[in-house]
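Okay, thanks for coming, everyone.

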Amino acid sequence: MKQILNFIDGEFVAGSHGRAFDKRSPVTNEVIASVAEASKADVDRAVAAGKAALRGPWGRMTTAERVDMLHAIADGITRRFDDFVATELSDTGMPVSLARHAFVPRGAANFKIFADIVKNVPSEFFEMATPDGRGAINYAIRRPVGVVGVICPWNAPLLLMTWKVGPALACGNTVVVKPSEETPQSAALLGEVMNEVGLPKGVYNVVHGFGPDSTGEFVTSHPDVDAITFTGETRTGAAIMKTAAVGARPVSLEMGGKNPAIVFADCDLDVAIENVMRSAFANTGQVCLGTERVYVERPLFERFVEALKRGAEALRLDRPELSGTGMGPLISQEHRGKVLSYYRKAVEEGANVVTGGGVPDMPAELKEGAWVQPTIWTGLPETASVVREEIFGPCCHVAPFDSEDEVIRLANDTRYGLSASVYTTNLARAHRVSAQLEAGIVWVNSWFLRDLRTAFGGAKQSGIGREGGVHSLEFYTELKNVCIKL
Ligand code: NAD
Ligand code: 6OD
């Protein structure tokens with residue numbers, strides 16, 4: 001069986017207390033790897049390695065040298081492209097098309113783009129008058145924050161880890177990454193790439209384990225971790241924020257969502273269906289930006305529901321490595337239990353199940369996997385659990401609306417505010433509605449069309465802070481003003 005080790009100070013190591021945990025395949029539920037769990041002492045070593053690296057060759061590199069190193073990491077990921085695709089498939093069960101065409105290429109792009117951003121970022125410069133008439137000049141320098149704790153979720157492991165590690169390293173920090181206990185493999189594989197390209201020891205460290213009273217909390221509560229960046233559930237983010245308050249450390253939190261799609265009767269129906277299909281069912285609905293609430297203007301409602309039903313029923317559920325697979329399993333049996341409990345609750349609360357609602361009939365060799373059917377409901381009140389709570393599964397509720405004001409009110413009636421999408425061919429309406437939606441990201445006639453230079457983050461309980469483009473520099477650097485009396 002595969003052994004997944006921690007990566008500390010440039011070396012792969014077992015946990016110092018000798019503990020390991022099993023990683024199971026979402027596809028078959030078989031144990032596929034044994035993962036070394038990091039102890040508190042291991043986290044101490046990883047943080048110490050990160051701190052030492054800041055004072056070593058890494059800390060002395062020029063920006064241009066760091067930029068070259070980041071490009072080498074990106075090229076290293078591209079060289080091991082098939083290995084990264086394989087680890088993502090094995091850990092998550094995501095379809096190979098998603099890994100090959102979106103999530104793994106983004107893993108490399110996250111190093112290239114942030115390298116180019118730090119290379120080109122302008123600084124500020126101000127002349128000022130002084131009483132003696134000689135004047136002074138001010139200029140700003142960006143310094144790394146220090147050792148950054150990176151706490152990751154399981155739904156897009158390489159993409160979401162590198163989305164934070166890329167800018168952190170581009171800005172000259174070092175990192176201690178805690179991957180999700182469900183998806184340890186790509187962070188470990190990235191350790192191999194870091195050694196292959198000659199990244200100085202201690203710059204990139206990976207510690208495996210769980211959250212509370214385990215590796216995650218050992219990282220976030222460590223006094224020498226200077227900043228914490230987190231992606232995951234809102235409840236976990238709140239707990240991490242509390243921990244970060246000790247020592248007044250900065251946090252960047254990317255959290256849950258209950259994202260609406262708004263479909264106006266004047267939309268291009270094919271565009272709306274194609275995008276709502278992706279946003280509800282891609283990655284088995286395990287995308288933070290995904291759609292779980294769809295509002296359709298009444299004259300289009302029946303046609304829309306019928307077309308979405310056809311699309312959902314045409315999705316092929318199969319092994320992730322097969323090119324025709326449209327949807328894989330959920331991440332784990334535990335998560336499947338949660339999603340199926342919402343499927344039952346929807347019925348108890350009076351939903352009309354348009355399609356799905358249960359477990360698909362899979363061939364014998366896949367029966368133990370975490371499979372669920374893509375599911376569509378209609379007919380629920382806005383107070384229903386599946387309309388209010390984040391499920392993180394391949395499902396959505398579709399409701400009709402009659403006016404622009406009404407749908408804006410419905411879309412905003414949630415504690416979350418990560419993303420929203422609007423389908424219309426009326427340009428003025430697109431601008432008007434986008435401006436009023438309480439979300440960090442609004443897509444018009446599209447979904448998950450992401451330029452890494454743009455701001456990314458959630459409003460309300462979906463997030464604190466923005467990352468992406470130059471906004472990442474606000475979190476991963478400290479701006480220092482130098483004032484020189486002339
Ligand atoms: P999670 O919150 O359960 O876990 C995320 C990570 O936090 C894991 O590595 C876990 O071990 C760690 N953790 C848990 N408790 C901790 C603690 N007390 N201290 C330190 N670390 C702790 O989230 P998940 O189930 O892995 O991911 C799914 C969630 O992530 C969904 O809610 C989804 O919306 C959200 N998500 C958000 C974004 C975004 O960009 N906003 C992106 C992807 C996923
Ligand atoms: O595209 C990205 O950079 C990003 N952060 C995506 C988040 C996906 C959430 O599941």
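For the record, helices (H or I, at least four residues) and strands (E, at least two) are DSSP runs numbered from the N terminus, and the expected span is 1.5 Å times one less than the number of residues.

Quick housekeeping. This is a predicted model, where local features need pLDDT of at least 70 and side-chain atom pairs count only at pLDDT 80 or more, while totals for chains, interfaces and linings use all residues. Residues are numbered from 1 along each chain as its sequence is written, chains are lettered from A and ligands numbered from 1 in the order in which they are written, and side-chain values use heavy atoms, with hydrogens and water left out.

Back to H12. Its buried residues are His335, Arg336, Val339, Leu340, Tyr342, Tyr343 and Ala346. They cover an arc of only 150° around the axis, which puts them on the same side of H12; the arc is that of the directions from the helix axis to the C-beta atoms. Buried here means under 20% relative accessible area, exposed means over 50%, and partly exposed is in between, with a 1.4 Å probe and protein chains only. Glu334 and Glu348 are exposed on the other side of H12. As for spacing, an α-helix has 3.6 residues a turn, so residues three or four places apart point the same way.

What do the buried residues of H12 pack against? That would be strand S16, helix H13 (385-388) and strand S17, with contact meaning heavy atoms within 4.5 Å. Just after H12, Gly350 takes a positive phi of about 100°.

Now helix H11, residues 301-314. Its 14 residues should span 20 Å at 1.5 Å a residue, and the end C-alpha atoms are 20 Å apart, so again that agrees. Phe301, Phe304, Val305, Ala307, Leu308, Gly311 and Ala312 are the buried ones. Looking down the axis of H11, they fall within an arc of 165°, so they line one face of the helix. Glu302, Arg303, Arg310 and Ala314 are exposed on the other side. The cover over the buried residues of H11 includes strands S13 (259-263), S14 (291-297), S15 (352-355), S16 (375-378) and S17 (395-401), plus helix H10 (269-281).

On to the ligands. Of the 29 residues around ligand 1, Cys152, Glu181, Thr236, Met255 and Glu390 come nearest; a residue counts as around a ligand if one of its heavy atoms lies within 4 Å of it. Helix H8 (215-220), strand S11 (227-231) and helix H9 (234-245) each supply at least two residues of that shell. On the polar side, Thr236 has a side-chain atom 2.6 Å from an oxygen atom of ligand 1. The side chain of Glu390 has an N or O atom 2.6 Å from a ligand 1 oxygen, and for Glu254 that distance is 3.4 Å. The protein covers 92% of the 850 Å² of accessible area that ligand 1 has on its own.

How much of ligand 2 does the protein bury? Taken alone, ligand 2 exposes 310 Å², and the protein buries 99% of that. The residues around ligand 2 include Trp163, Cys288, Phe448 and Phe456.

Last stop, the loops. Most residues other than glycine have a negative phi. Asp213 is not a glycine, yet has a positive phi of about 55°; Asp213 sits in the loop between strand S10 (204-206) and H8 and counts as exposed at 67% relative accessibility. Ala248 also has a positive phi, near 45°, and is found in the loop between H9 and strand S12 (251-254), exposed at 66% relative accessibility.

Lys258, in the loop between S12 and S13, is buried at 1% relative accessibility. Which side chain does Lys258 join in a polar contact of 2.7 Å? Glu292, where a polar contact is a pair of N or O atoms within 3.5 Å; within protein, one must be able to donate a hydrogen and the other to accept it, and residues adjacent in sequence count only if both atoms are side-chain atoms. Beyond its neighbours within four places in sequence, Lys258 also touches others, among them Val386, Glu390 and Tyr416.

Notes. Accessible areas come from the Shrake-Rupley method with a 1.4 Å probe; for residues, only the protein chains shown count as cover.
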